[in-house]
Amino acid sequence: QVQLVESGGGLVQAGESLRLSCVASGNIFRINAAAWYRQAPGKQRELVAAIVSNGKINYADSVKGRFTISRDNAKKSVFLQMNSLKPEDTAVYYCNQEIRTGTGVDINTWGQGTQVTVSS
């Protein structure tokens, strides 16, 4: 069984930074792709940043230049560095990973979410 555990959320003031972490555990051969999504109250879940197997990275327009997604394959971890945070970044942030398990099966799995709150 594969599990994702997120950490790093919290309450900050506008202009400050946070770094989210997402660590995968279980029977993992490799992480094919990873992404961070967020969901604000009353809104749909939206893609924030994604990194795919060939290393290509995509960002939502609203976070370009402020957020950086990265990965550490050896530690089976994905990170989201968030700088110059704005009140509109307030949301629950979810990690999503596409993983090839040790049995050769590809699965897509989600973390439990971590709250990010930015005060003005």
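The model is predicted, so local features are taken only where pLDDT is at least 70 and side-chain atom pairs only at pLDDT 80 or more, whereas totals for chains, interfaces and linings use all residues. Residues are numbered from 1 along each chain as its sequence is written, and side-chain values use heavy atoms, with hydrogens and water left out.

**The whole chain**

Along its principal axes the C-alpha trace spans about 50 × 25 × 25 Å. Of the 120 residues, 40% count as buried, where buried means under 20% relative accessible area, exposed over 50%, and partly exposed in between (1.4 Å probe, protein chains only). If you list contacts (heavy atoms within 4.5 Å) between residues at least 6 apart in sequence, 56% of them join residues at least 24 apart.

**The open sheet**

Next select β1, β3, β8 and β7, which form an open sheet in that order with antiparallel pairing; two strands pair if DSSP finds at least two bridges between them. The edge strands are β1 (3-7) and β7, each of which pairs on one side only. At the β1 side, 5 bridges join β1 to β3, and Gln 3 has Ser 25 in β3 as its bridge partner. At the β7 side, 6 bridges join β7 to β8, with Ser 70 standing opposite Phe 79 in β8. Follow β7 into β8 and you pass through a hairpin with 4 residues between the strands, where Lys 76 in the turn has a positive phi of about 55°.

**The largest nonpolar core**

Now show the side chains of Trp 36, Val 48, Phe 67, Leu 80, Met 82 and Tyr 93, which touch the most other members among the 29 residues of the largest nonpolar core. Such a core is a set of buried Ala, Val, Leu, Ile, Met, Phe, Trp, Tyr and Cys residues joined through side-chain atoms within 4.5 Å. Strands that each supply at least two residues of this core include β4 (28-39), β5 (46-51), β9 (91-101) and β11 (114-119). Centre the view on Phe 67 and, leaving aside neighbours within four places in sequence, its contacts include Arg 38, Val 48, Tyr 59, Leu 80, Met 82 and Tyr 93.

**Two single residues**

Select Thr 109, which lies in strand β10 (residues 106-110) and is buried, with a relative accessible area of 14%. Not counting residues up to four places away in sequence, Thr 109 touches Val 2, Leu 4, Cys 95, Asn 96, Gln 97 and Ile 99.

Finish at Gly 55, in the loop between β5 and β6 (57-59), where this residue is partly exposed, with a relative accessible area of 39%. A distance drawn from the C-alpha atom of Gly 55 to that of Asn 32, 23 residues apart along the chain, comes to 9.8 Å.
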